[in-house]
Amino acid sequence: MNTSDSELAAQAAGGDMAAFQVLLERHYDSIFRIALRFTGVREDAEDVAQTVCTSLAVKLRSFKGEARFTTWLYRIVVNAAQDFHRRQSATTRLHQAYGEVSELVRGAEADAARELAWLYDALQRVGQDLRETAVLVLAEGLTHAEAADVLDIKESTVSWRMHELRKELKTLAKAEA
Amino acid sequence: MNDELNRMERAFERQATVRPSDAARQAAMRAATEAFHKENATVHQGTGIGSRLRERGNQLLIALKRKPFMDFAHPKLTHVLAGGASLAVLAIAVVNIDHIKPGIVFSPFETKMDEAELPADKDVVAALTDTKPVARLEENLPKTKEVRKQQSGAVQLSKRENDAIRAFSPHIVGGIVANEATSGLRSRDDTAVRQYREQGRDKFSDITPNPLKVVAKDPVSTFSIDVDTASYAFVRNALNNGVLPQKDAVRVEEMINYFDYGYQAPENRSEPFRANVSVMPTPWNTNTKLLRIGIKGFELPKTEAPKANLVFLIDTSGSMNAPDKLPLLLNSFKLLLSSLKPDDTVAIVTYAGSAGTVLEPTRVADRNKILSALERLNAGGSTAGAEGIRQAYQLAERQIDSAGVNRVILATDGDFNVGISDTGELKSFIERKRESGITLSVLGFGRGNYNDELMQALAQNGNGNAAYIDTLSEARKVLVEEAGSTLFTIAKDVKLQLEFNPATVSEYRLIGYETRLLNREDFNNDKVDAGDIGAGHTVTALYEITPVGAQGRLVDDLRYQSETAKPRSSGSAEEYAFMKIRYKLPDSDTSTLITAPVTRGSEAASVEQASRDDRFAASVAAFGQVLGGGRYTGSFSYDDVVALAQSAKGEDRFGYRAEFINLVRLAKSAAALEPGKQ
């Protein structure tokens, strides 16, 4: 009974509003989730998700169906999140992140909060390339090949980045200690 | 080794519980929809055309359909169907099309008919006045003192409240609700309301018209009775929108059966129905004759009606938020209440959107409780209503009355996300429940995503019926006038078999019933399921037959061998065919056989001499066939249909036949495709 993503995308590209809405509805949660991985703050993730949804109205036309729809969509979300990241100043972001964290602390999950603070601090420090790779592989659980598809890089590059990420994190841990 | 990476992975896992807020989700959908709208308006049509259309108010529909809109005021979507959410009030439920084609469309007041033909039906009027649209609007608004004060005077509402009202009153048109507050709203709400519309995903079984059969080769025709009328309502809805229905949506037998014919009814209950036959010349083909079989079920006096235990399973997915869906359903439901007995029970379960039991089984006498539960229903949300259907059946089982009617009534626009996702499993679930005495009926609403195929299949498996409800009048017809036949089965597994006499008939063709054909051997096999007849139902079947010796045979004799069947000695030249009907009483597993010959004695010499009902049935059959491609109707035109139907209109107490004639006229000018798909 379910029309496939690619079919819906084709219909939406042809001007079918209903198909477009179904498609968004189907993927809004993932869009938000990936955005959240990058921003760490719900409000920011919501903003990014909205930007993505809106841009899809135009971008769908360029979805040619040669990639899986989700792969294609992930790439758009990753790019939007990175854009957002660049626009936000580090201080605001950290400030917001701590706001989120302190909420969690009050929720008696101090440990989780600490880890979350560490996570976003680390993601911030490792830089754009490692950040997007970390999100796709560690948070979204994509294989290196899948992540490579999304990021439009070689699989070996993903593996190398993961290796780099581990090195970076170790360096950070040492600095902390 | 991987400590750091693991730590990061775990931190991500913990974070996974953060959810987007509904407000953000809605805002995103709204923004995206708007962007999409803009994109498609500029790229595909040019804004010039769009605005021109909108200026010409009566063509608004075309604009609407080009860009399926959604209600901006309340844009929550569901995952499969998507749509805005909220309740609209009754007056609005039926007029969204009036907006565009004044005077053609079916409204509760049947505007297009003569005043004299208005059904003076208290129920409709009661339902109309009952709802007090504005009062209900107010109840649903945040009530601040200021607002209340303002409502008595000039209406000055905040944007949010105005949005809320707009969501509740998508299309208030023309004098139906003459009310200070609403008219104030109307003037304020002059931008086109963007109503969510599905488009082009209606699903129907493929229909190929029954082929012509040669009596010498295939003397026997067998089919199951079909009492559904959904196809007619769907066709009507399409035509009222200025669009020809897709061919597969046209099931001729359902169109014919939509109308009531004055067939002779059986005298008592022991004879559940009576079959009448007649023969007349075919209006669209001078060489052939129409053989009509009419079945009339026993009319159950209302006092004798068994107790009804009804569970409504209502789709509240976002897509139901259109004037012709949920609001219409709710008002239909109110009509139904009026036709039930105080001791009957009603329960409501919703799925998709707000899932769960909304109303525990409640006696109809407790009308207020039921009404207030109805008021609480609204469409929206994307939560899958897990187990909606099981819940509905559980409630029905709890109240089960072996002597009464136990039925689940599924109301939907095509979303079958009822908790069992596999169609096969769903069908067998319904079938198993049928064995335990609970039947299923399906009420279809809306267009665009209407899954007729599945609805029919489910209703057939559930021994219930499928009806398509497009207007409040239709709701009244199905749920009030025909409540008896809809609810009380008097005979089940009714099969019809006709054996043609090769001495008098050379070729024949069954009109319609394409989806109901049975094998010849199925007739005597009681295990084979077939259609049911409810109290008071009329069922009509038409065959077009070519008499022996007539011109215009479509199949020539063979040159090298003789195909002529050798008639038995008992084959009378007076008989066209021999009719056999098998049926089971509702609580029986073995069938009873009725037989009757179709003789020349029942034949009318000319179309004019045929009975009014027969002529009308013939005109509907002609219309259905022409709509479906007209393979066998030659040059018979819509005008011919109109002329024939006009001559057979008769008393037409409820205006159904007049409506039919209007539909035929509409078909002449209807576009072949919905504008948006061109």
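Modeller: Before we start, a term: two strands pair if DSSP finds at least two bridges between them. Strands here (E, at least two residues) and helices (H or I, at least four) are DSSP runs, numbered from the N terminus. This is a predicted model, where local features need pLDDT of at least 70 and side-chain atom pairs count only at pLDDT 80 or more, while totals for chains, interfaces and linings use all residues. Residues are numbered from 1 along each chain as its sequence is written, and chains are lettered from A and ligands numbered from 1 in the order in which they are written.

Biologist: Fine. How do strand 5 and strand 8 of chain B pair?

Modeller: Strand 5 (residues 308-315) and strand 8 (residues 405-412) of chain B pair in the parallel sense, over seven bridges. B:Phe312 stands opposite B:Ile409 in strand 8.

Biologist: What is the strand order in the six-stranded sheet of chain B?

Modeller: The order is 7-6-5-8-9-10, in an open sheet with mixed pairing. Strand 7 (356-363) and strand 10 are the edge strands, each pairing on one side only. The twist from one strand to the next averages 20 degrees.

Biologist: Which helix packs on the sheet by strand 9 and strand 10?

Modeller: Helix 11 (residues 230-240) of chain B touches both strands, and its direction makes about 20 degrees with that of strand 10. Axes are lines fitted to C-alpha atoms, for helices over the stretch in contact, and angles run from 0 to 180 degrees between N-to-C directions.

Biologist: Strand 10, then. Are its residues buried or exposed?

Modeller: B:Ala466 and B:Tyr468 point one way, B:Ala467 and B:Ile469 the other way, and all are buried. Buried means that 20 or more other C-beta atoms lie within 10 Å of a residue's own; exposed means 12 or fewer, partly exposed is in between, and C-beta atoms are placed from the backbone. Strand 10 runs parallel to strand 9 (residues 439-445) of chain B, with four bridges joining them. B:Leu443 stands opposite B:Ala467.

Biologist: Which residues touch the most other members in the largest nonpolar core?

Modeller: B:Leu291, B:Val311, B:Phe312, B:Leu313 and B:Val408, out of 135 residues. A nonpolar core is a set of buried Ala, Val, Leu, Ile, Met, Phe, Trp, Tyr and Cys residues joined through C-beta atoms within 7 Å. Helix 20 of chain B gives the most to this core, nine residues.

Biologist: Why does that core lie between domain 2 and domain 3?

Modeller: Because domain 2 (213-300 + 489-551 + 573-677) and domain 3 (302-487) of chain B both give residues to it. The domain bounds come from an automatic or database domain assignment.

Biologist: What is B:Val311 in contact with?

Modeller: Leaving aside neighbours within four places in sequence, B:Val311 is in contact with B:Ala347, B:Val349, B:Ala392, B:Leu395, B:Ala396 and B:Val408. Contact means that the C-beta atoms of two residues, placed from the backbone, lie within 7 Å.

Biologist: And what covers the buried residues of helix 15?

Modeller: The cover includes strand 5, strand 6 (345-351), strand 7, strand 8 and helix 16 (423-435) of chain B. Among the buried residues of helix 15 (residues 388-398) are B:Ala392, B:Leu395 and B:Ala396.

Biologist: New topic. What is the order of the five-stranded sheet in chain B?

Modeller: The order is 1-12-14-4-3, open and antiparallel. Strand 1 (213-214) and strand 3 (273-281) each have a single partner strand, so one side of each is left without a neighbour in the sheet. Six bridges join strand 12 (residues 505-511) to strand 14 (residues 538-547).
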